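Me: Please take me through some of the side-chain and helix geometry of this protein, one question at a time.
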Amino acid sequence: MAVLDDLSGFEFEDLMEDVFRNLGYENVRQAERTADEGRDVIMEEVVDGTRRAIIVECKHTGTVGRPVVQKLHSAIATFDFDGPKRGMVATTGRFTNPAEEYADRLQRNDDPYPIELIDGEDLREIADEIGLDLYNGRIEILCDETLRPYDPAADVDAPVQEAFRDIENIETADLPVPHSQVTFRPVVAITADTNAVFETSVGVIHQINDRTQFVVHAERGHPKVADDEVATLVTENFHATVPLDTGQFTEVFADVDERRFGQTQTEYKEWAVDRLQDYHTTTVTYTGDNNVTYNKTCEPNLSDISVQSIEPVYLPEVRQTTEILEYSYPYEYYAAGPSRVTLEDGIHRCVHCETSGVDETYTYCPNCGAIACDTHIKTERLEGEPVCTGCAVTERFALKTKYFYDEENLEAFRKEYAEMPIHEKAMENKLLAGGSVVATLLLVVGLLVIGGII
């Protein structure tokens, strides 16, 4: 406990707030620090369907005597809560015999406001339970749960097959098995309340009563708030997590990688509080008693922001690469069972230009394996099948470019073209042939008009 002894009283209260939150208590928050009313942390628990308030006194001292316990008992009695209440005293040191006897007597007499005592030895056991690092007084993140990296009711490559389904000229049954890899990336879901009132001589000019929920990418480096799609994927699937068993997942994925949480839970809490403080800071314009207009910056205090929960989980990032002839098609997404958020779609993208997106039409070229947009897909003259402009052999016939799979098909058509009658050759360029017919008709009509025939 030597390191805990180095903390200030306020730092110890911060630490205990995190400890209680990790122990599963709800609505954990600190009381106002402006005055000592015999309570430092307030929280709630649900026992047999009944919600109960818990008022905690944190004492960062060597010895805690009976007066502290008695004072807390009085504070519990006057605490405004519609339901049962109890108390706790937590200390890095020890309790005197009179303090312990007083708490025991409350328990034996079925007092409506019992008090639980947590001493330094108890804290050591709790530290082991929740991963409290006694060397820095911070809560380390211990997490062995992940969202499902694939839908257990389908094949692991089902998302790739679905992505290929609207690519023309290829059957999903003919696709090779993609190379699949998964990276388990740490995230934390944070819920925090901000409650602040700003007053001047004219009364309340601004107030904040807000609950904020967001998901944070939690790898090494500065935390980054996840976008709405990813946050929804995480929060909507928290109920369906599974143990992070890398041995099990290596049977499904060719490569499995697990990233570590970059910071402690305490650091994410502090980061979230700072971020929310900035987010809620605003400038308010109001009129004073003297009818003069004023501008006031309303910045919530750190004590106005209470982190209710920090829930860690691993978010699987799956990358599946399909190799077809000369091309590789990556498909990358965050997964949560059958749900996913696409990060990269290399399937709905023309290999020859910048065209991409699921709203375009793409066609598979069986000659080279390319997936191309309409601009870069042609019809092979001899086979009548699609061929892309990237691999096709070309030559002009009847002033029109024709596309072939290879030189062999080109040579075969040359011979076929040489044996065609003139009208069939002309039809190799239907636009030119049609234009010639129209021009001829116009010429004939013109001659008839000149000759007075019509």
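The questions and answers below concern a predicted model.

Me: How many aromatic pairs does the structure hold?
Reply: A pair of aromatic rings is described by the distance of the centres and the angle of the planes. Rings count as a pair when their centres lie within 6.5 Å. The number of aromatic pairs in the structure is 14.

Me: Are the rings of Tyr 331 and Tyr 333 stacked, edge-to-face or tilted?
Reply: The ring centres of Tyr 331 and Tyr 333 are 5.5 Å apart, and the planes stand at 50 degrees. Planes under 30 degrees apart would be stacked and those over 60 edge-to-face. The pair of Tyr 331 and Tyr 333 is therefore tilted.

Me: Is Tyr 333 buried or exposed, and what is its relative accessible area?
Reply: Residues count as buried under 20% relative accessible area. Tyr 331 is buried, at 6%. Tyr 333 is buried too, with a relative accessible area of 2%.

Me: What is the angle between the planes of Phe 397 and Phe 404?
Reply: Phe 397 is buried at 5% relative accessibility, and Phe 404 is buried at 0%. Their rings form an aromatic pair with a centre to centre distance of 6.3 Å. The pair is edge-to-face, and the angle between the planes is 75 degrees.

Me: Which arginine has its charged end over the ring of Tyr 333?
Reply: The charged end of Arg 275 sits over the ring of Phe 214, 5.0 Å from the ring centre. For the ring of Tyr 333, the charged end lies 5.8 Å from the centre and belongs to Arg 340.

Me: Are helices α2 and α5 roughly parallel, roughly perpendicular or oblique to each other?
Reply: Two packed helices are described by the angle between their axes and the distance between the axes. The axes of α2 (residues 9-22) and α5 (residues 120-130) come within 11 Å and cross at roughly 55 degrees. Angles under 35 degrees would be roughly parallel, and 65 to 115 roughly perpendicular. The two helices are therefore oblique.

Me: Which residues of α5 meet α2?
Reply: The crossing of α2 past α5 is left-handed. From α2, the residues involved are Phe 12, Met 16, Val 19 and Asn 22. On the α5 side they meet Leu 123, Ile 126 and Ile 130.

Me: What distance separates the C-alpha atoms of Gly 131 and Val 19?
Reply: Gly 131 lies in the loop between α5 and β8 and is buried, at 14% relative accessible area. Along the chain, Gly 131 and Val 19 are 112 residues apart. Their C-alpha atoms are separated by 9.5 Å.

Me: Which residues are in contact with Thr 183, leaving aside its neighbours within four places in sequence?
Reply: Thr 183 lies in strand β11 and counts as buried at 11% relative accessibility. Leaving aside neighbours within four places in sequence, its contacts are Asp 257, Arg 259, Leu 315, Pro 316 and Glu 317.

Me: What is the phi of Asn 291?
Reply: Most residues other than glycine have a negative phi. Asn 291 lies in the loop between β16 and β17 and is exposed, with a relative accessible area of 68%. Its phi is positive, at about 65 degrees.

Me: Where is Ala 398 found?
Reply: Ala 398 has a positive phi, near 50 degrees. This residue is found in the loop between β25 and β26.

Definitions and conventions: Residues numbered from 1 in each chain as written. Predicted model: local features only at pLDDT ≥ 70, side-chain atom pairs only at ≥ 80, totals over all residues. Heavy atoms only, no water. Phe/Tyr/Trp six-rings, centres within 6.5 Å; stacked < 30°, edge-to-face > 60°. Buried < 20%, exposed > 50% of the residue type's maximum accessible area, 1.4 Å probe, protein only. Lys NZ or Arg CZ within 6 Å of the ring centre and 35° of its normal. Axes fitted to C-alpha atoms, helices over the stretch in contact; angles between N-to-C directions. Helix = DSSP H or I, 4+ residues; strand = E, 2+ residues; numbered from the N terminus. Parallel < 35°, antiparallel > 145°, perpendicular 65-115°, else oblique. Left-handed = near helix turned anticlockwise from the far one by under 90°. Contact = heavy atoms within 4.5 Å.
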